[in-house]
Amino acid sequence: FDALFSTSCRQAMRSDVAYGVFLSGGIDSSLVLAACKAANPDVRSFSIGMAEADFDESAKAAAVNRALNIADSHTFTMDQDAIVACLNGVMAATDEPHGDPGFINAYFLSQSCRPYLTVGLAGDGGDELFAGYAPFSGLGVTPILSSLPDPVIATLKAAVRLMPASDRYLGLRFKAMAMMRGFPARDEEERFAAWLASDESAILDQLMNVAIPEYPELSALTRGGTRMQRLLGFYQRIFLPEFVCMHTDRAAMRFSLEVRSPLLSRPLIEFANRLPDRMKRRDGQNKWLLRRYAEQVGLPADIVRQGKQGFTFPVARWLKTALKPRLDALDGHWADGLIDRDMIKRLTAEHLDGRENHYRVLYHLIALKAWRDRYPSILTEI
């Protein structure tokens, strides 16, 4: 891994223009910065800070900069005004509705970095290659849950719903509901799709008075190999290109910025996919190999041990404040019957009252409305 990764980072640094590393403070981007520092002592890092403590990774990024002795580092703070401005920019620049709030963060980082560089290096791909997401932690209990009768699963889901709602990042109720979303399922394809989908995909099905197509060809991703390998295939073929790389690339190119991902070099992808499962998850840890490598290159222990934190902002919280005008605008927009307006009112009321956290489906509707405002006749034409 060291040989392949170091080579990939050196190749990504080849540039006739200014470049730097996008540093979140997570394991993947920290490893990219460490490898680039070994090749170029003057490499620069660029990070985002957030006012809300449970979403802010700037302290972790600062710790990595200190450990690696990065002399030239930059941190840009996202506040509610910046979020609203970037949201307007994203909604006006996309030619398809996209419901991942991480798009806003990528847009803000690209916009903020552009005066300093033309090429950015990112840590995209580590989670999809080395099993970094929460569902990989749940694979061990999948056989147990799969064996339970449907009434027992229904009882467990009801118990999870009784847990208090929270707008904190990855709260306990959120993670428990995400896990239970995959049960019951007819097969692994259905379970994997449920884990990758919105945690309120069933609500979206009820909201939209149109048939959402299924894609049976995706079943090929669940054939052969271990359960972990099949889930990794799902992430690599769907989530990585359609979400992670898509919003990184589109946000960056909006400002004529090129982003390169050293972890996604072909040799590294082929190497990672040949590794046995125990090199990816072991002793209760996801991304086992990357954590051991991070120890070897001298990253701080807190960085090595940390859990997954997504590249996003407090959507659930800010739907009640800075983003509330967009939430209010949903009511009355769907006169054509595409969306169940009464259900929107119920979901909005439950979210604003703190009874439920419906931020995903509400944000998806905000993205869909903005896209329809930009292309008002497109659904009629389809």
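In the predicted model, helix α2 (residues 27–39) packs against helix α15 (residues 288–296) at an angle of about 40°, and the axes of the two helices are 11 Å apart. This angle makes α2 oblique to α15, since angles under 35 degrees would count as roughly parallel. The crossing in which α2 passes α15 is left-handed.

The length of α2 agrees with expectation: at 1.5 Å a residue, its 13 residues should span 18 Å, and the C-alpha atoms at its ends are 19 Å apart. Of these 13 residues, 11 are buried, so α2 is largely enclosed by the rest of the structure. The buried residues of α2 include Ile-27, Leu-31, Val-32 and Leu-33.

A second pair of helices was examined in the same terms. Two packed helices are described by the angle between their axes and the distance between the axes. Helix α4 (residues 80–93) and helix α20 (residues 359–374) pack at an angle of about 55°, with 8 Å between their axes. The two helices, α4 and α20, are therefore oblique to each other. Their crossing is right-handed, whereas that of α2 and α15 is left-handed.

Helix α19 (residues 341–353) also has 13 residues, which at 1.5 Å a residue should span 18 Å. The C-alpha atoms at the ends of α19 are 18 Å apart, in agreement with that value. Within α19, the residues Met-343, Ile-344, Leu-347, Thr-348, Glu-350 and His-351 are buried. These residues cover an arc of only 165° around the axis, and therefore lie on the same side of α19. On the other side of α19, Asp-342 and Asp-353 are exposed.

Both ends of α19 were also considered. At the start of the helix, a side-chain oxygen of Asp-340 reaches to within 3.1 Å of the backbone nitrogen of Asp-342. The residue that follows α19 is Gly-354, which has a positive phi, near 80°.

Most residues other than glycine have a negative phi. Asp-283 has a positive value instead, with phi near 55°. This residue lies in the loop between β6 (281–282) and β7 (285–286). Its relative accessible area is 68%, and Asp-283 is therefore exposed, the cut-off for this class being over 50%. Lys-287 is another residue other than glycine with a positive phi, also near 55°. Lys-287 is found in the loop between β7 and α15. At 7% relative accessibility, Lys-287 counts as buried, because the limit for a buried residue is under 20%. Thus Asp-283 is exposed, while Lys-287 is buried.

Leu-240 and Asp-127 are 113 residues apart in sequence, but their C-alpha atoms are 9.2 Å apart in space.

How values were computed
Residues numbered from 1 in each chain as written. Predicted model: local features only at pLDDT ≥ 70, side-chain atom pairs only at ≥ 80, totals over all residues. Heavy atoms only, no water. Helix = DSSP H or I, 4+ residues; strand = E, 2+ residues; numbered from the N terminus. Expected span 1.5 Å × (residues − 1). Buried < 20%, exposed > 50% of the residue type's maximum accessible area, 1.4 Å probe, protein only. Arc of directions from axis to C-beta. Polar contact = N/O pair within 3.5 Å; in protein donor to acceptor, adjacent residues only side chain to side chain. Axes fitted to C-alpha atoms, helices over the stretch in contact; angles between N-to-C directions. Parallel < 35°, antiparallel > 145°, perpendicular 65-115°, else oblique. Left-handed = near helix turned anticlockwise from the far one by under 90°.
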